[in-house]
Amino acid sequence: MAKKPDRNGASPSGSLVGAGTSFVGDILFAGALRIDGEVKGDVRAIAGQGGNLVIGENGRVDGNIEADHLTISGSVTGQIVAREFIELLAKARLNCDVEYTTAKIHLGAVVHGRLLQRQQSMSIGKPAARQFA
């Protein structure tokens, strides 16, 4: 029997940067990662390996983020690339530009930066081709 996701949509299995923990350096992960502590460095999911990142209410990332699915309730300073989906919960505080394919933004979430919708097959660093009628 599969484990049920928690209330933020994250699977209970995977890696954790726990509350009260500070990590300095870049993180490359596969599967799921939850951050309830502080990370100073880039956080990147390996493409095609179910990159699900959750940043909890007290979580903080000072660096760039790239993952397939993101759920954010904490704070981020840097650039974000959500390859497939991003959900910003009510207490999310972002000081960055966000590239995404699909987004859900809850009332109360704050974004100081640009929201840039990308095509499904976009990869980081390549802007989407614009079509004009």
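Colleague: Which word describes D36, buried or exposed?
Modeller: Residues are numbered from 1 along each chain as its sequence is written, and side-chain values use heavy atoms, with hydrogens and water left out. A residue is buried under 20% relative accessible area, exposed over 50%, and partly exposed in between (1.4 Å probe, protein chains only). The relative accessibility of D36 is 19%, so D36 counts as buried.

Colleague: With which residue does D36 form a salt bridge?
Modeller: A salt bridge requires a side-chain nitrogen of Lys or Arg within 4 Å of a carboxyl oxygen of Asp or Glu. Side chains of opposite charge can pair when their charged atoms come close. For D36, the closest N and O atoms of the pair are 3.0 Å apart, and the partner is R34.

Colleague: What is the average pLDDT of the protein chain?
Modeller: A pLDDT of at least 70 is reached by 80% of the residues. Over residues 1–12, however, the value is below 50, and this stretch has 14 contacts (heavy atoms within 4.5 Å) beyond near neighbours in sequence. Where pLDDT is low, the predicted coordinates should not be read in detail. For the protein chain, the average pLDDT is 84.

Colleague: How many strands does the protein chain contain?
Modeller: Helices (H or I, at least four residues) and strands (E, at least two) are DSSP runs, numbered from the N terminus. By this definition the protein chain has 0 helices. The number of strands is 15.

Colleague: At what relative accessibility does L16 count as exposed?
Modeller: L16 is placed in strand β1, residues 15–17, and β1 is joined to β4 by 3 bridges in a parallel arrangement. Beyond its neighbours within four places in sequence, L16 is in contact with L33, R34 and D36. L16 counts as exposed because its relative accessibility is 56%.

Colleague: Which residue in β7 is the bridge partner of R34?
Modeller: Strands β4 and β7 run parallel and are joined by 4 bridges. In β7, R34 has as its bridge partner V54.

Colleague: Which residues touch the most other members of the largest nonpolar core?
Modeller: A nonpolar core is a set of buried Ala, Val, Leu, Ile, Met, Phe, Trp, Tyr and Cys residues joined through side-chain atoms within 4.5 Å. The largest one has 25 residues. The elements that give two or more residues to this core include β6 (43–45), β7 (52–55), β9 (65–72) and β11 (80–88). The residues touching the most other members are V43, L53, I72 and I80.

Colleague: How far apart in sequence are the parts that R114 and D97 tie together?
Modeller: The side chains of R114 and D97 meet in a salt bridge with an N to O distance of 3.0 Å. R114 lies in the loop between β14 and β15 (115–117), and D97 lies in the loop between β12 (93–95) and β13, so the pair ties together parts whose separation in sequence is 17 residues.

Colleague: How many salt bridges does a search of the whole structure find?
Modeller: One network of salt bridges links E66, D68 and R83. Over the whole structure, the number found is 8.

Note on methods:
pLDDT is the predictor's confidence in each residue, from 0 to 100. Two strands pair if DSSP finds at least two bridges between them.
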